[in-house]
Amino acid sequence: MKAPDFAYVRPASLDEALALLAEHGEDAVPLAGGQSLVTALNLRLSAPAVLVDLNAIPELVGISETNGIVRIGAVTRHRDVGTSEIIGARLPLLAAALPHIAHPAIRNRGTIGGSVALADPATEWPACCVALDATIVARGPEGERRIAADAFFLALYTTTLVPGEIVTAIEFPVPGTDAVWGFEELARRHGDYALAGLAATARRSGAGLADVRLVFFGVGDRPMRATAAGAALERGDIKGAQAALADELDPQDDPATRAATRLHFARVILGRVAGRMLAGGSRGGGHHGG
Amino acid sequence: MVAEAPQRERAIAFTLNGESVRCRAQSRAHLGDLLRAEFGLTGVHLGCEHGVCGACTVLVDGRAVRSCLMLGVQADGTTVETVEGLTESGRIRDLQDAFHTRNALQCGYCTPGMLVSAAELLEEGGTPSREVIRDAISGNYCRCTGYQAIVDAIETTAQARHAARREAAE
């Protein structure tokens, strides 16, 4: 189908974009990579009166590292996040997640800020943000806000963003030299939404793990932190961690997959990731293709 | 600061298949519609129009994108290449020959998108494995299911280009 009629504007600065969003209120929608929004327009699931294109605002693009913080501009494309040298060296979890995000043509255009603001619970970046203890930086009519990723995602397509506010950057603390991480995702087809996925981080501590953060996606209405399972892993108890997931995740039945099946998948990928992380391996013990 | 006002239509200028072009584009029209309707580039095949099938894939600033998921007005200032441009420039002659030789097209509907996606992969150089090739075209559906032949054709082309580069370097 074709998109309904709308007006389009492409501001050259963030201030201008925020002024336009404020002026047009609920009629206006910000356009980042458009890989979900233009789909919704074409399917007529969405019919905003005004699109405010964020793609010509230089300050929203790019990756930099300062004082132990890696900052990724909101309109940085998925591909540029995953292939960046800084990301490869400092946040390899993000690089490992990249091949799971849709397909090359989508990764070339879609943006990390758009994905975070949309908050689709079956997608990779929101879970990675929570696992890496990122801070979401937002600007709106009231100025700048900094929100812990853990508190940012509220429910299906719902975040703490208020009308007229947009994500401008995501900031990640650089993990220490004792950091380990893992990433695993199961999908029906390559690039499809996750049936179950896991982004995990921890610190090596003696022969075991400390500060384990397990964040699942595709098994609840937002990125789901599994704290009891994480605590079990800190005790080296993989089976206990897998058992704990029943109370921590909230998969739903859908026409193709029962909730119990998704829970099973979550346990399977937890077993794989935990095995690799506990085995100590290299820091990048995370990713296997498919 | 005077903010520009939102418009239902705007004048845009971009580079299309090597030529500078100008036109007026409706805001609501996606890039695929603009390329087909305004410029007659019907090699841009519209299949699903919601980013799933990959038939409408074009290169924007050298990168493969879904022309149904980008607005025509967003082409302003960019360089766009369609299968027609890649064909006329001869850049994918070898790939097209390999598709022909290997019978890597049946109904042909997916072919322009396959060629554009493969062109982006091939220009990265090297000799990608079949797994890498499959990943590169994983967003392009062939409903005739002729994937093996398509992967063969891309693999053959990558190997031939690699051999040619090595020969040139020696």
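User: In what order do the five strands of the open sheet in chain B stand?
Analyst: This is a predicted model, where local features need pLDDT of at least 70, side-chain atom pairs count only at pLDDT 80 or more, and totals for chains, interfaces and linings use all residues. Residues are numbered from 1 along each chain as its sequence is written, and chains are lettered from A in the order in which they are written. Strands are DSSP runs (E, at least two residues), numbered from the N terminus, and two of them pair if DSSP finds at least two bridges between them. The pairing in this sheet of chain B is mixed, and the order is S2-S1-S5-S3-S4.

User: Which strands of chain B stand at the edges of this sheet?
Analyst: An edge strand here has a single partner strand, so one side of it is left without a neighbour in the sheet. That applies to strand S2 (19-26) and strand S4 (63-66) of chain B.

User: Which residue stands opposite Glu9(B) in S2(B)?
Analyst: Strand S1 (residues 9-16) of chain B and S2(B) run antiparallel and are joined by eight bridges. In S2(B), the residue opposite Glu9(B) is Gln26(B).

User: What is the order of the three strands in the open sheet of chain A?
Analyst: The pairing in this sheet is parallel. Its edge strands, each pairing on one side only, are S1 and strand S2 (28-31) of chain A. The order is therefore S1-S3-S2.

User: Which residue is the bridge partner of Pro30(A) in S3(A)?
Analyst: S2(A) and S3(A) run parallel, with four bridges joining them. The partner of Pro30(A) in S3(A) is Val52(A).

User: Which element gives the most to the side of chain A that touches chain B?
Analyst: Residues are in contact if their C-beta atoms, placed from the backbone, lie within 7 Å; 33 residues from chain A and 30 residues from chain B take part. Elements giving two or more residues to the side of chain A include strand S1 (7-9), helix H1 (14-24) and helix H2 (37-42). With four residues, the element that gives the most is H1(A).

Methods
Two residues are in contact if their C-beta atoms, placed from the backbone, lie within 7 Å.
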